[in-house]
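Please open the structure in a viewer and keep the selection tool at hand.

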Amino acid sequence: MRGGMTRLRMPRRGFRALAAAVALVTGAVLLAGCTNQPEAKLPTQTSTPVVSPTSATPTADELAVQRFYTQRLVWKDCSGGFQCATAQAPIDWAHPAQGAPIHLALIRKPATSGHALGSLFVNPGGPGESGVDFVRQAVGDASPTLQANYDIVGWDPRGVGASSAVKCYDDAGLDQWLYGIVPGVRGSTQWLDASKQITTSLGAACLKNTGPLLGHIDTPSTAHDLDMLRGAVGDAKLNYLGFSYGTLIGAIYADMFPSHVGRMALDGVVDPASTYDDVTQLQAVGFEDNLKAYAQWCVTSDRTCPFHGSADAAMNAIGALLQQVDRHPIKNSDGRLLGSATLQTAIILPLYNQSNWPSLDVLFKDVDKGSARVAFLLADQYNERDSNGRYASNVMVAFAATNCLDYEFDDDLAHMQAQAAALAKAAPVMGPFFSYGGIACAGWPFGTVRVPAPVRAAGSAPILVLGTTNDPATPYSQSVALAKELENGHLVTWRGNGHTAYGRSNTCVLNTVDDYFVKGTVPARDPEC
């Protein structure tokens with residue numbers, strides 16, 4: 001991260017909390033169980049689409065929409081009890097008859113009861129996270145209730161993973177973009193000019209290697225894809241569980257297609273009305289508050305805590321470490337240099353989930369000794385880079401490219417300096433490293449598509465809006481705001497730390513969401529779990 005917002009994604013590879021970061025930095029090895037029993041294959045199936053009506057004399061665009069909505073998805077066994085399919089979508093929903101179609105990768109796990117209430121689409125966030133990988137790796141962690149009653153479906157949104165995807169750099173280029181040290185002092189003319197050139201070069205590489213799709217991976221286009229997929233799987237209404245950035249997809253979908261909303265739960269909200277500056281400010285404060293919570297836990301109850309004294313003293317020490325590597329980067333064994341941006345990424349990852357806080361103990365001790373090893377292990381996990389320097393996905397470039405279409409960026413120097421001062425005041429440790437995000441899309445090949453605005457989803461079915469009171473990535477205030485914006489929004493609060501609530505909080509949240517999806521039960525008031 002070179003400034004501005006951080007990725008909005010599930011804090012784990014499943015619906016349950018996993019201590020992956022702890023295992024990574026302490027060298028623990030997790031072994032998967034093996035079986036010699038032959039794997040049963042699921043039969044190939046074809047979805048019967050829900051036909052979308054057209055006018056008596058349809059235009060070419062209306063006929064194209066009809067073809068996409070009525071395409072038949074062929075589901076083939078893809079191991080592990082999963083079925084996979086590929087759908088087609090127009091590259092541009094405003095002109096669906098023009099251009100070659102793109103493809104969208106899907107995966108589903110049929111309901112274990114054999115009698116599904118329908119499909120339950122899920123999205124883990126990002127933008128840029130793979131819904132296909134998420135379902136394959138995490139569906140077993142979903143509650144037995146959801147698994148029994150729904151065919152759980154994931155898809156890679158346009159621009160992501162196995163779908164028609166954004167491509168920019170090779171692995172070496174990604175290393176330089178993500179981990180390179182920007183010359184100069186943050187906010188100086190030298191630093192700003194270099195940062196703008198880095199983003200301009202990224203945009204040019206993405207356009208060269210992606211083509212026109214790069215201008216159509218905005219969230220409203222993804223929401224339209226989702227409605228098409230709803231029709232293609234044969235559901236009259238959309239059932240949807242969205243996490244983190246996936247809540248933005250869901251909220252925009254509900255506003256675009258309110259009559260198509262079935263049962264929808266949005267967990268860890270990105271408020272569609274929030275500007276880029278709003279999100280940046282909220283995240284800086286959110287991560288600062290979670291870091292404070294870690295510091296308090298560390299100095300009062302953690303035997304391996306690297307700090308002594310008060311939580312404020314621990315925060316000051318962490319701030320000093322960030323400033324130190326900003327001035328004097330630490331060389332890693334592979335030659336990469338640990339600067340403040342990479343250290344910030346390493347700090348942020350364990351803050352997504354309270355069970356991973358012990359990783360921070362190991363991190364801070366290691367950096368204090370002048371080592372970059374643990375910081376790069378954590379940052380690499382966040383960026384989905386393996387120990388051989390290979391990237392498992394295109395998540396980071398898809399994240400950048402989608403945000404450049406979804407938000408307006410103000411790179412006026414006076415504006416950015418004022419925001420930097422506000423961030424430093426609101427979040428003294430983390431805030432400075434979220435500053436100058438106005439240059440995040442400098443020189444980008446395409447302009448903004450989505451204008452942030454409140455959504456109402458007038459006439460929709462009830463929508464659950466989940467919020468965690470000390471969520472670092474999508475602070476609780478955004479869940480409160482969205483529940484008020486929606487005509488039929490219902491807030492479900494979890495009083496806890498970390499990102500998102502369902503599957504990692506308590507039985508109150510679990511039962512509230514499961515009863516809603518299976519029985520249609522809408523809480524009369526916020527259960528305040």
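A residue is called buried when its relative accessible area is under 20%, exposed when that value is over 50%, and partly exposed in between. The model is predicted.

**The whole protein**

The protein contains 17 helices and 14 strands. Of its 529 residues, 57% count as buried. Among contacts between residues at least 6 apart in sequence, 78% join residues at least 24 apart.

**The disulfides**

Next, display the cysteines. Five disulfides are found in a search of the whole structure. With the bonded cysteines numbered in sequence order, the pairing reads 1-2, 3-4, 5-6, 7-8, 9-10.

Select Cys404 and Cys441. A disulfide joins these two residues, with an S to S distance of 1.9 Å. Cys404 lies in helix H14 and Cys441 in the loop between H15 and S13, so the pair ties together parts that are 37 residues apart in sequence. Both Cys404 and Cys441 are buried. The torsion about their S-S bond is about -95°, so this disulfide is left-handed.

Move to Cys168 and Cys206. Their sulfur atoms are 1.9 Å apart and form a disulfide. Cys168 is in the loop between strand S8 (151-155) and helix H5 (171-179), whereas Cys206 is in helix H6 (residues 189-210), so the link ties together parts that are 38 residues apart in sequence. The link of Cys168 and Cys206 is right-handed, with 100° about the S-S bond. Cys168 counts as buried at 7% relative accessibility, and Cys206 counts as buried at 0%.

Then select Cys78 and Cys84. These cysteines form a disulfide with sulfur atoms 2.2 Å apart. The link of Cys78 and Cys84 is right-handed, with 75° about the S-S bond. Is each of the two cysteines buried or partly exposed? Cys78 is buried, with a relative accessible area of 18%, whereas Cys84 is partly exposed, at 23%.

**Asp406 and its surroundings**

Return to helix H14 and select Asp406, which has its place there. At 0% relative accessibility, Asp406 counts as buried. Which side chain makes a polar contact with the side chain of Asp406? The partner is Thr219, at 2.3 Å.

Now show the residues around Asp406. Leaving aside neighbours within four places in sequence, Asp406 is in contact with Asp218, Thr219, Pro220, Tyr245, Leu248, Thr448, Arg450 and Pro452.

Select Lys109 and Phe82: Lys109 lies over the face of Phe82, at 4.9 Å from the ring centre.

**Aromatic rings**

Display the rings of Phe, Tyr and Trp. A search of the whole structure finds 18 aromatic pairs. A pair of aromatic rings is described by the distance of the centres and the angle of the planes.

Select Tyr276 and Phe409. This aromatic pair is tilted, with 4.4 Å from centre to centre and 50° between the planes. Tyr276 lies in helix H9 (residues 276-301) and Phe409 in the loop between helix H14 (395-406) and helix H15 (413-426), so the pair ties together parts that are 133 residues apart in sequence. Tyr276 is buried, with a relative accessible area of 4%, whereas Phe409 is partly exposed, with 21%.

For a group of rings, select Tyr294, Trp297, Phe307, Trp357 and Phe364. These five residues form one aromatic cluster.

**Helix H16**

For the last stop, select residues 476-485, which make up helix H16. Which residues of H16 are buried? They are Gln478, Ser479, Leu482, Ala483 and Glu485. Turn the view to look down the axis of H16: the buried residues fall within an arc of 160°, so they line one face of the helix.

Finally, display what lies against those residues. The buried residues of H16 pack against helix H8 (245-256), strand S10 (261-267), H9, strand S13 (463-470) and strand S14 (489-497).

Technical notes. Residues numbered from 1 in each chain as written. Predicted model: local features only at pLDDT ≥ 70, side-chain atom pairs only at ≥ 80, totals over all residues. Heavy atoms only, no water. Phe/Tyr/Trp six-rings, centres within 6.5 Å; stacked < 30°, edge-to-face > 60°. Helix = DSSP H or I, 4+ residues; strand = E, 2+ residues; numbered from the N terminus. Buried < 20%, exposed > 50% of the residue type's maximum accessible area, 1.4 Å probe, protein only. Lys NZ or Arg CZ within 6 Å of the ring centre and 35° of its normal. Polar contact = N/O pair within 3.5 Å; in protein donor to acceptor, adjacent residues only side chain to side chain. Contact = heavy atoms within 4.5 Å. Arc of directions from axis to C-beta. Disulfide = S-S within 2.5 Å.
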